[in-house]
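This report covers a protein–DNA model, taking up a strand pairing, helix packing, the chain contact and the DNA surfaces in turn.

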There are 2 protein chains.
Amino acid sequence: MATIKDVAREAGVSVATVSRVLNDSGPVSPETRRRIREVATRLRFAPNSAARSLITARTTTLGVLLPDLYGEFFSEVIRGIDQAARRHGYHLLVSSSHADRAETEAALRAMRGRVDGLVIMSPDLDARALVQNLPDRLPLVLLNSAVQGDAYDALTIENYEGASAMVRHLIALGHRRVAMLKGAARNQDAADRLRGYRAALRSAGMERDPAWEIAGNFTEESGYRAVEALLRLEPRPTAVFAANDAMAIGAMSALREAAVAIPGEMAVAGFDDIPIARYVSPPLSSVRVPIGELGERATEMLLEAIRAGKDRTTRRETLATTLVIRQSCGSAPQQGSLTEH
Amino acid sequence: MATIKDVAREAGVSVATVSRVLNDSGPVSPETRRRIREVATRLRFAPNSAARSLITARTTTLGVLLPDLYGEFFSEVIRGIDQAARRHGYHLLVSSSHADRAETEAALRAMRGRVDGLVIMSPDLDARALVQNLPDRLPLVLLNSAVQGDAYDALTIENYEGASAMVRHLIALGHRRVAMLKGAARNQDAADRLRGYRAALRSAGMERDPAWEIAGNFTEESGYRAVEALLRLEPRPTAVFAANDAMAIGAMSALREAAVAIPGEMAVAGFDDIPIARYVSPPLSSVRVPIGELGERATEMLLEAIRAGKDRTTRRETLATTLVIRQSCGSAPQQGSLTEH
DNA sequence: TTGTAGGCGTTATCAG
DNA sequence: CTGATAACGCCTACAA
């Protein structure tokens, strides 16, 4: 690998001049500049990033810390982060599938000094504990995380609003007994969606029954298994809202096996609007989440924070969700933004 | 951030001794060792990775280059890579969603010097062109990539075998007209699965009709749209094999809308066996691919190559696929490994 | 406009 | 067993 010295020698100048050309810092005569550029490309020179970040104290790398995510959600969020980062010339140091807090903290420590900032998604625990393990004032953005106070930048989606809009829609269709398949325990998204469900029932003057809130953990299988409990309820609910699409699809599978007509005997709705939702049978009504945008926006926020440096007030943003109505809940197909509901 | 000097001063020793303790290199008296350890943790010392890799010429980071992948496949492969890398104390520099060759090459250049090795998945083009852009002898493993010769380590899956086994299964069920939804053009996986399809027809003494090979690009939507062409065929095929599950699910959706009974009037089979396959209606027969394992094994191969250094013969491995038979192709549910067919 | 030289935080090679 | 000290490759005052 050619170093800056090789380029300097070959071009007959000092390393300082080469550095100036490569970084556009300081004045260099056009002719010298041209010559250095020529030599640099000929030698396929690429600055050693370790040496550079040793002196600049910057890495042009962003850290991404993700929990054990599956499927579309994971891939879309990474895609969004990746695109925004690349747009700004940043690399991505990714550490994913952290099951518990110890793992997350270990990963966090391992990233010390290797990144200029962090996007952290930690839906399962209070983010404050996490952040203890970080160097002084590393910029970071919390994604869909349980966080109190406003000590950190945070980006979330309209979990509460989306869930309650969907449940209100079911109620408007005439359903009086609406069950819910809950997401993973101690998960912030799951908790917010549950709150939305409860609020919708309450505001419709309907009482809620704890038995209607069935445990789940965001997997297809948990949705499948939840149907057993659902069908045991007396009187049986006529609609079920799942905290995500994977569970909704699992539940639809079990309902079909139990010969329960969808939406005739049981309306079904999900959350996320993963790409496959429109292709299942019947097509699944869902709450659309702009997943890729979530990643992109988080990255933009992080880069702003990095640029701004220490003195900058923390930001808190929320991304809108959208109701997508298909056949699984019994209405005619239509789409509408949340604000219409 | 505390540096090694701070630790040395505080512990009353030289930086050399601190370094020895931290890296277990060279002898240090137990007492000194203890004291240094104590000071290091008290000061929350973490070695500066830039400085370290500047002198060691190692980064303990692996680069991962991925194309525009979606959904389960992407998340599972990353999960596998991540877990293997973490197990060995390596970080992951990820660059994904590269649409074309120019983007991939740019990403490749950007990683120069930042990684000790690369896992590259580049199903769309001959990997040789890619590798031109790399420093001399950077270790790398090609994942499911189009590669000729054996200049590089490569890991693939049994695309050909899996596809032909599934088509043979359909033929064994009595189907005489089996169509195929093809994957993206110029994609290596797609090409191999198509070869498998053709070989199965041939070995059954069945002629193949180019019209039965319908274009697709691995998305649900392309599967959905392909059904139009499928149903126009005269005589109509009684079975269709899709090059992946996403297309199979899209096709099933369109077939349902066209009131074509599955599997009665049209048997359907896919490839990948994504988690949702068993929950669609009817449950989808598919060729299971050990996606996570693919990532893990690739990473292990890469780490071996890194450890071995220059002089090491290239390896070429193939991961087995498995036939998973569910209701969508009309047989009673059962499972069997490829070798049984 | 250009060059010299110091230093970023480690590791590694010598002496002691 | 321990301590100086020279790299590693680059950036950046400061001089010229």
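## Sheet and helices of chain A

A:Leu181 has A:Ile214 of strand E7(A) as its bridge partner. The model is predicted. Strand E6 (residues 178-181) of chain A pairs with E7(A) in the parallel sense, over two bridges. These strands belong to an open, parallel sheet of four strands in chain A, ordered E7-E6-E8-E9. Strand E7 (213-214) and strand E9 (267-269) of chain A are at the edges with a single partner strand each, so one side of each has no neighbour in the sheet.

Helix H8 (residues 159-172) of chain A lies across E6, strand E8 (239-242) and E9 of chain A, and it runs at about 170° to E8(A). H8(A) also packs on helix H9 (residues 188-203) of chain A. The table sets out the two pairs.

| Helix pair | Angle | Axis distance | Handedness |
|---|---|---|---|
| H8(A) and H9(A) | about 35° | 7 Å apart | right-handed |

By class, the contact of H8(A) with H9(A) has eight nonpolar, four polar and six charged residues.

In the other pair, H5(A) contributes residues that include A:Phe73, A:Val77, A:Ile81 and A:Ala84, while H12(A) contributes, among them, A:Ile291, A:Leu294, A:Ala298 and A:Thr299. The residues of the contact of H5(A) with H12(A) divide into nine nonpolar, five polar and five charged.

## Domains of chain A

The domain assignment divides chain A into domain 1 (4-56), domain 2 (61-158 + 291-320) and domain 3 (159-289 + 323-339). Taken over C-alpha atoms, the centres of domain 1 and domain 3 of chain A are separated by 61 Å.

## Contact between the chains

The contact takes 41 residues from chain A and 41 residues from chain B. On the chain B side, the elements giving two or more residues are H4, helix H5 (71-87), strand E2 (91-98), helix H10 (220-232) and helix H11 (245-257). H5(B) supplies the largest share of this side, eight residues. The side of chain B that touches chain A divides into 20 nonpolar, 14 polar and seven charged residues.

## Surfaces near the DNA

DNA strand D is surrounded by 29 residues, of which the closest are A:Thr3, A:Ile4, A:Asn48, A:Ala51 and B:Ala16. Two or more residues of this surface come from each of helix H1 (4-11), helix H2 (15-23) and helix H4 (49-56) of chain A, and from each of helix H2 (15-23) and helix H4 (49-56) of chain B. H2(A) gives the largest share of the surface near DNA strand D, six residues. By class, the surface near DNA strand D has 15 nonpolar, 11 polar and three charged residues.

Around DNA strand C there are 27 residues, and the closest are A:Ala16, A:Pro27, B:Ile4, B:Asn48 and B:Ala51. The elements giving two or more residues to the surface near DNA strand C are H2 and H4 of chain A, together with H2 and H4 of chain B. This surface near DNA strand C divides into 15 nonpolar, 11 polar and one charged residues.

Terms used:
Residues numbered from 1 in each chain as written. Chains lettered and ligands numbered in written order. Predicted model: local features only at pLDDT ≥ 70, side-chain atom pairs only at ≥ 80, totals over all residues. Near = placed C-beta within 6 Å. Nonpolar A, V, L, I, M, F, W, Y, C, P; charged D, E, K, R; others polar. Domains from an automatic or database assignment. Pairing = 2+ DSSP bridges. Contact = placed C-beta atoms within 7 Å. Axes fitted to C-alpha atoms, helices over the stretch in contact; angles between N-to-C directions. Left-handed = near helix turned anticlockwise from the far one by under 90°.
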